[in-house]
Amino acid sequence: MRKDVRILLVGEPKVGKTSLIMSLVSEEFPDEVPLRAEEITIPADVTPERVPTHIVDYSEAEQSDEQLYQEISKANVICIVYSVNNKKSIEKVTSHWIPLINDRTDKDSRVPLILVGNKSDLVEHSSMETILPIMNQYQDIETCVECSAKNLKNISELFYYAQKAVLHPTGPLYCPEEKEMKSSCIKALTRIFKVSDLDNDGILNDNELNFFQRTCFNTPLAPQALEDVKNVVRRNMTDGVKDNGLTLKGFLFLHTLFIQRGRHETTWTVLRRFGYDDDLELTQEYLFPLIKIPPDCTTELNHNAYLFLQSVFDKHDKDRDCALSPEEVKDLFKVFPYMPWGPDVNNTVCTNDQGWITYQGYLSQWTLTTYLDVQRSLEYLGYLGYSIIYEQESQAAAITVTRNKRIDLQKKQTQRSVFRCNILGARGSGKSGFLQAFLGRNLQRQRKIREDHKSFYAISTTYVYGQEKYLLLHEVMPDFDFLSEADLACDVVCLVYDVNNPSSFEYCARVYKQYFIDSKTPCMLIAAKSDLHEVRQQYSLSPLEFCRKHKFHPPQPFTCNTTDAPNKDIYTRLTTMAMYPHMAQADLKNSTFWLRASVGATVFAVLGFAMYRALLKQR
């Protein structure tokens, strides 16, 4: 909502503009009226909307046309004052003032107008018969008020309506000619309905309505009040209430009713609570709350964020198969202005046999987005209504910023849950196969992936010493001379070569010597396509001799050309190296180091699956 409101009063001389302002301030009619009142500011604590309000007078005798134009451009709302006993001042509303104001304001951001009939104490009749056709002719006119500066009739109301026209404008919400809400308003309220429909059954039940009411207005509805609301809908439409809950049609009807009865503030309160601005767009402040990320720190989702995302998954997994079908994914993202996940996501995370994203894959993709692009993650959580549903100040409350990696190295322990492994190797060495194997896909399944659906990332969970961690694999494009800081920033490096290609290993050796030989980042050499015949590499040292010389583990044989899903032990090893880089060099030669990690992974993978099955039964 605006931080202040600027009201300008214009009109013909002697209609009582200055008297209206002075009567408001002093609460009595002034004996002497100056040509023009000084600009006054009404503090926020004495206005109904708690917003500072500036009231500006105009005098043709004291001000030039240029000064008038400047005031029109600065005003948030303009009151055109006429005298109810002066026909000429009424005629000037349409012949002079409205055209003048329209000429001086942008068509796309017209200033709301209030017609003010002053001196109602001097006549027996109302001017409304003359004014209503004018109101119908000009959409910018919000309302008309008849008042009297002399006996203080409707003075406070006049300035309240002026304030309301700025803070709760009709224009973005409703089209008077069509007598219906505008499409942008329907779109925003539909998103609000879907976010508030916590079980996604297409109905707001009593609990959901109460939560919505408390969220927007800080007070629940009494049971009778809830019934009264539903009865109003029932009396006006047949499909507004279903199974004693409010449907989307009923929800939209209620807001149409509020607007038609002049209670725009009710709809605006709802819209602003859910992050919308005056143009019915989600604000930048709502979508992108401030979050400070110091250098060498990473971003992760916290426990509450995962609980929220689990609830979002549950409410859209209609068939309870623990995977999201294309239709269920589409339904989940209906609250977004665009589809955020492309077909590459299905090749970045775990899917079921039909290629649908599983529960684990869904959480993995959110973890990946938060790690790589936290601003995008904040935006997505904003669309889903995280801060509203979890009653947080913003979705920044969903993010954990990890401590500096150097502190982890000094303390030789980490609280991080996500570890990045960059995969480097020459073209055709098997990097993509290594990524897809992490997601349980053998070579046969990998061959079905379309070229334009491929991903350079893969993320899933591993278990190290009983702790569930996310390992994020990133395939780095093999441009030896152009490796960026992002290509080099990771927790562990994986150098991949093809055992069947004699020139494949040289790239790994050169990259290591150029970028990682003096680095504290642990490295592992992968002998990919180990099901094929191993040939001698055209390099001064064999891969095994190279590993011995640089004191890291012997080349790890790997193949994804298997009947079943490829073995995942290697990924546990990589995660362990990422978690304990200080131990990697010392313990790489010690087979029990790997044995402890791998056994732990196997045991906890089995336990984890059992717990997951139990969780599904509960769900």
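Predicted model: local features only at pLDDT ≥ 70, side-chain atom pairs only at ≥ 80, totals over all residues.
At what angle do helix α8 and helix α9 pack, and how far apart are their axes?

Helix α8 covers residues 223–236, and helix α9 covers residues 248–260. The two pack at an angle of about 95 degrees, and their axes lie 10 Å apart. Angles of 65 to 115 degrees count as roughly perpendicular, so α8 is described as roughly perpendicular to α9. On the α8 side, the contact is made by V229, V232, V233 and N236; α9 contributes G250, F253, L254 and L257.

I turn next to an annotated segment. UniProt, in an unreviewed entry, places the feature "domain: EF-hand" at residues 304–339. In the model, the chain over residues 304–339 is 56% helix and 6% strand. The C-alpha atoms at the ends of this segment are 24 Å apart.

Is T414 buried or exposed? Its relative accessibility is 17%, and buried means under 20%, so T414 counts as buried.

The side chain of T414 takes part in a polar contact with the side chain of D408, at 2.8 Å. The T414 side chain also reaches the backbone nitrogen of R416, at 3.1 Å. If neighbours within four places in sequence are set aside, T414 is in contact with R403, D408, F419 and M579.

Notes: Residues numbered from 1 in each chain as written. Heavy atoms only, no water. Buried < 20%, exposed > 50% of the residue type's maximum accessible area, 1.4 Å probe, protein only. Polar contact = N/O pair within 3.5 Å; in protein donor to acceptor, adjacent residues only side chain to side chain. Contact = heavy atoms within 4.5 Å. Axes fitted to C-alpha atoms, helices over the stretch in contact; angles between N-to-C directions. Helix = DSSP H or I, 4+ residues; strand = E, 2+ residues; numbered from the N terminus. Parallel < 35°, antiparallel > 145°, perpendicular 65-115°, else oblique. UniProt positions renumbered as here; feature names shortened; annotations may be inferred.
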